[in-house]
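Trainee: I have just opened this one and would like to go through it with you. Can we begin with the ligand?
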Amino acid sequence: MAVNEKKGKLLIFSAPSGSGKTTLVKYLMEHLGNLSFSVSATSRKKRSNEINGKDYYFLTVDEFRRKIKSNEFVEWEEVYKDSLYGTLKSEVERIRNTGKNVVFDIDVVGGLNIKKLYGDDALAIFVMPPSVEVLKTRLESRGTDNEKEIATRLAKAEYELSFSDKFDTIIINDDFKKAKEDTVAIIEKFIK
Ligand code: 5GP
């Protein structure tokens, strides 16, 4: 990267599972230029619709733990038992050095950790679901998680909602069209 070129900014999207965050992030990536998605590493099982290297870098628990030991993560967490998730330093730097803005779709605690590390270079956005009831319906209709996994995700959602006021901004995902417009407007203003 040329010396006078700016490093990309960090756009962090966090929300309880099922709040529509991933769909919003996908929309944003398709409608705004100069963004690149930070692919996280995880030790959870790959879902049938996911692609290694695109949705996540799927690692075994051992591989993941080796990378923790060699200090390769900006942040990592055991989001669910035995399901480790983390942001690789190499991924963030690779994108930022191209001058592109980095988009994160990560859990609430991880999101706040990245915000703390990068300060004003980062915007932390909380995607608020209309209610826990709606979350439950969305997780059930998504059909990718079994009953036990859904219960775990819902229990975590209630905990995560309590962190919403620590974020720079909150997008309420009640009306999807409005949420999309709000997201684009907020990001355009921040990266300008
Ligand atoms: P899922 O299994 O549904 O893909 O993701 C479960 C949770 O892990 C979501 O809240 C997702 O945002 C979060 N997650 C994904 N990648 C990362 C990461 O790199 N770090 C952290 N802390 N959480 C992540």
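Trainee: Which pocket does the ligand take up?
Mentor: The space taken by the ligand is the largest pocket, where a pocket is, on a 1 Å grid over the protein atoms alone, an open set of points where a 1.4 Å probe fits, with protein on both sides within 12 Å along at least five of seven lines. Keep in mind that this is a predicted model, in which local features need pLDDT of at least 70 and side-chain atom pairs count only at pLDDT 80 or more, while totals for chains, interfaces and linings use all residues. Residues are numbered from 1 along each chain as its sequence is written, and side-chain values use heavy atoms, with hydrogens and water left out.

Trainee: How many residues surround the ligand, and which are the closest?
Mentor: There are 17 residues around the ligand, the closest being Lys21, Arg44, Tyr56, Glu75 and Tyr85, and a residue counts as near if one of its heavy atoms lies within 4 Å.

Trainee: Which polar side-chain atoms lie by an oxygen of the ligand?
Mentor: Ser40 has a polar side-chain atom 2.7 Å from a ligand oxygen atom, and Thr87 has one at 3.2 Å from an oxygen atom of the ligand; a polar contact here is a pair of N or O atoms within 3.5 Å.

Trainee: And what does Asp105 do there?
Mentor: In Asp105, a backbone N or O atom lies 3.3 Å from an oxygen atom of the ligand.

Trainee: Which element gives the most to the shell?
Mentor: That is β5, with 4 residues, strands being DSSP runs (E, at least two residues) numbered from the N terminus.

Conventions. A polar contact is a pair of N or O atoms within 3.5 Å; within protein, one must be able to donate a hydrogen and the other to accept it, and residues adjacent in sequence count only if both atoms are side-chain atoms. On a 1 Å grid over the protein atoms alone, a cavity is a set of points where a 1.4 Å probe fits but cannot get out, and a pocket is an open set with protein on both sides within 12 Å along at least five of seven lines; lining residues have an atom within 4 Å of a point. A molecule sits in a cavity or pocket if more than half of its atoms lie within 2 Å of its grid points.
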